Amino acid sequence: LPRWPTDGPVSALVNEVAQKYPKIRLVIEEAYSKDTIDRLAAGKLDIGIFNNRSPDPPPNAQLLFASDLVLLGRRGSPLVAKPTVPLAALHGACVVTPPTPNHVEAILSTVLKGSDITLKIDLEINSGAMIREVVRHSDRYGITLVHGIKGDLADGDLAAARIIEPSLTLYTFCATGPKHLITNASRAVEKCVISIMQAHHESVMRLMPGSHSASHAGVPVQ
């Protein structure tokens, strides 16, 4: 799993699997998307949830939903005072990001190339909780998916605005490893993961007025 499902989906998954399939032993790990994709390809994982810049599903993967990146800041900070913020308004803003390489940096590099927009990115932190703590107690902003900050938004001390003009979109997939390694137990867990992740996505979107997102239920792509 990526880092954001710790805020709700993990406990929901554990409880559902324990109730429906008490003989299944779960092993859950947190990983960056690139590591998850590599481990799936190597047959070291049964199921992986990961983000990608492309909407095209990799082999054995299903698109769960598409989400626009949001700007995270202290409640009352000018750039998050409205539901949306134009990318150009971020010019000169201090932004904290995960260590490179990461999808946020890759999208920003592509979009900002050749433009007059400059972000001040002088701090990288390998922890979503630490990034939120820095944003909470400084004038810095974060750029992230809204899924990992649901609890912070509900608590009211942080606010988020969807970045527009242009929107910066990531796509979240659920994939399985090579077919010969997937058991009936893994298929059962995969079904639980997909339903829980999509339900979490819908609940998060209700916290973000004017959010542009989509869920895509269906059969995993062969």
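In the predicted model, the lining of the second largest pocket comprises 13 nonpolar, 4 polar and 5 charged residues. The volume of this second largest pocket is about 490 Å³. Its lining is formed by 22 residues, of which Val 27, Ile 28, Leu 45, Asp 46 and Ile 47 are the closest to the pocket centre. Two or more lining residues are given to the second largest pocket by each of the elements α2, β1 (47-52) and α6 (184-205). Of these contributions, the largest share belongs to α6, which provides 4 residues of the lining.

The largest pocket was examined in the same terms. A space of about 890 Å³ lies in the largest pocket. Here 35 residues make up the lining, and those closest to the centre are Arg 3, Tyr 32, Asn 51, Pro 98 and Thr 144. When the lining residues of the largest pocket are sorted by class, 17 are nonpolar, 11 are polar and 7 are charged.

With regard to secondary structure, at least two residues of the lining of the largest pocket are supplied by each of α2 (33-41), α3 (103-112), α4 (128-136) and β7 (141-144). The largest share comes from α4, with 4 residues.

Note on methods: Residues are numbered from 1 along each chain as its sequence is written. This is a predicted model: local features need pLDDT of at least 70, side-chain atom pairs count only at pLDDT 80 or more; totals for chains, interfaces and linings use all residues. Side-chain values use heavy atoms; hydrogens and water are left out. On a 1 Å grid over the protein atoms alone, a cavity is a set of points where a 1.4 Å probe fits but cannot get out, and a pocket is an open set with protein on both sides within 12 Å along at least five of seven lines; lining residues have an atom within 4 Å of a point. Grid points are joined across faces, edges and corners, and a volume is the space filled by probe spheres set on the points. Ala, Val, Leu, Ile, Met, Phe, Trp, Tyr, Cys and Pro count as nonpolar, Asp, Glu, Lys and Arg as charged, and the others, Gly among them, as polar.
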